[in-house]
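Hi,

Here is the structure I promised to pass on.

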Amino acid sequence: MVRKAVIVGSGPVGCLTALALSKAGWSVAVYDARADIRLPENKSQSLQRSINLAISSRGIAALHAVDPLISKRFMKTVIPMRGRMIHTTNGAAESQLYDLNGQCINSIDRALLNEDMLNELTAASIEVHFDHKLVAADFNKKVLTFNKKTDGTTIGVPFDFCVGADGSYSTVRSQLMRVTRMDYQQEYIPHEYIELRVPARVDENGNEQFQLDPGHLHIWPRHSFMLIALPNQDKSFTSTLFAPTSEFSKLKSPDEFVSWFRLQFPDATEIIGEARLKQDFLHNPRSPLIHIKAHPYHYKDRVIILGDAAHAMVPFYGQGLNCGLEDVRVLDVLLRKNEVDPVHSISGGEIDGRLANALQEYTETRHDDLIAICDLAMANYEEMRHSVTTPLYRLRKMVDGLLSYGTRFIPFQTLISQLTSTTFSRAPSGWLALYTMVTFRPDISYAEVRRKAERQNRLLDVAVWSGLLATAYVSTVATLKWLKT
């Protein structure tokens, strides 16, 4: 008899998990407290708190590992971004490429991605139950209790394996804490965000066009806060303003918001328009930014948490989605490595040793990776909102790029096939920029990325400061000689 896997959460991570387990032979059902976002009456709510997503090699590799056709179809809907476009206060703009070899990250609308993946579940005949809120879980008796929002009734759902992909405020995680000695850390950073929108412009022929270069992720860095904008298929940009909570709290009215916004982002004000800024300020909520670390991620052979439920991170490295999808790929590899058989019957309180071993291996090997990327994401906020404008940052990036020239370029597409059967490769040789490793090398674990970056940073510091001191010495000697003449 085929065993039943229940996925809690129908976001991209939950959907990909459902597809992976279904392909492996499990009977799969998905439950979500939200309504079906594909229905017209629910679309407006799903758009209000969305930060556009930037999917890169790790996410693409995970999609491909589960289903190459899904990955291929998905990539037709993205907009490649080859670098950052830095906008200064005087209206100037400077392009900073992400990769010397032309590799790109890809902008995708969160709601459209989620809708497409839900449609994949429907096509695969996977049950999806919306408006079902998880209220309790008995992982020893293998029963989940849901409240049906439509009529207020409560139902018990038996399962053999449960996956919690229910986001930052995960109920599965809170229930898991009841049966494990979980180390848990939650932090709200003192910043919030509000979503804005840059509309398309209409040209002289009545055709809609982008107002900004769609080949870049646009950033307006302003030290303690910043504005970003990512392109959409309809020629608009989804723009997100990140600022300290204390700064937002000073802006009591739409007029005050527009006045402040025009002072900080005059060029962005012109392309968004004051009327739209006022409307977005009134109707789009201020949303918090949360940082979560947990350990362990599983209990026996019964349950595991993935994605934001296990490691919510701030969005400043664009790795939240990519890391969550990579969780699914890593788990899928470990289930196959341990030869977990979903048809093998388990009676009563018996433990499936193979499944338990796979989940234990996931917790042990994945934890350092997840801590590393959470910390890297937090550190990248400082870089995006301030460091990108400093001369020292540009000098370091130049030296970093020069040192990378001697390392053989490996397109991430050539790595995808091996990542269907192995979690990660050995530590790479040669010099690799931190951003390249995080974003374009899915074969390198996040923990190894951080270790290698720390070693390289120490060498880079020596190189940069040695260069500066040498330049200062030569300049001083030349000045002294000139003074003597």
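Below is what I found, going through it one region at a time.

One thing before you start: this is a predicted model.

Let's begin with helix H5, which covers residues 110–123. Does its length agree with what you'd expect, or disagree? At 1.5 Å a residue, its 14 residues should span 20 Å, and the end C-alpha atoms are 20 Å apart, so the two agree. The N-terminal end of H5 is capped by Asp 109, which puts a side-chain oxygen 2.9 Å from the backbone nitrogen of Ala 111. Ala 111 is also one of the buried residues of the helix.

Next up is strand S12, residues 161–164. Side chains in a regular strand alternate between the two faces of the sheet. Here, Phe 161 and Val 163 point one way, while Cys 162 and Gly 164 point the other way. All four are buried. S12 has strand partners too. It runs parallel to S1 (residues 4–8), and four bridges join the two; Phe 161 is the bridge partner of Ala 5. S12 also pairs with S21 (residues 303–305), again in the parallel sense, over three bridges. In that pairing, Cys 162 is opposite Val 303.

Now for a couple of spots around strand S13 (residues 183–198), which contains Leu 196. Leu 196 has a relative accessibility of 2%, so it counts as buried. As for Glu 195, its backbone oxygen lies 2.6 Å from a polar side-chain atom of Asn 284. You'll find Asn 284 in the loop between helix H10 (274–283) and strand S19 (287–295). Despite being in a loop, Asn 284 is buried, with a relative accessible area of 15%.

Last, the surface. Which residues make up the nonpolar patch of about 480 Å²? They are Leu 100, Met 398, Leu 402 and Tyr 405. Leu 402 sits in helix H14 (residues 391–404), and its relative accessibility is 52%, so it counts as exposed.

Happy to go through any of this with you.

Cheers

Key: Residues numbered from 1 in each chain as written. Predicted model: local features only at pLDDT ≥ 70, side-chain atom pairs only at ≥ 80, totals over all residues. Heavy atoms only, no water. Expected span 1.5 Å × (residues − 1). Buried < 20%, exposed > 50% of the residue type's maximum accessible area, 1.4 Å probe, protein only. Polar contact = N/O pair within 3.5 Å; in protein donor to acceptor, adjacent residues only side chain to side chain. Pairing = 2+ DSSP bridges. Patch = residues over 30% accessible without salt bridge, like charges linked within 9 Å, V, L, I, M, F, W, Y side chains within 5 Å. Areas by Shrake-Rupley, 256 points an atom, 1.4 Å probe, with all protein chains shown as cover. Salt bridge = Lys/Arg side-chain N within 4 Å of Asp/Glu carboxyl O.
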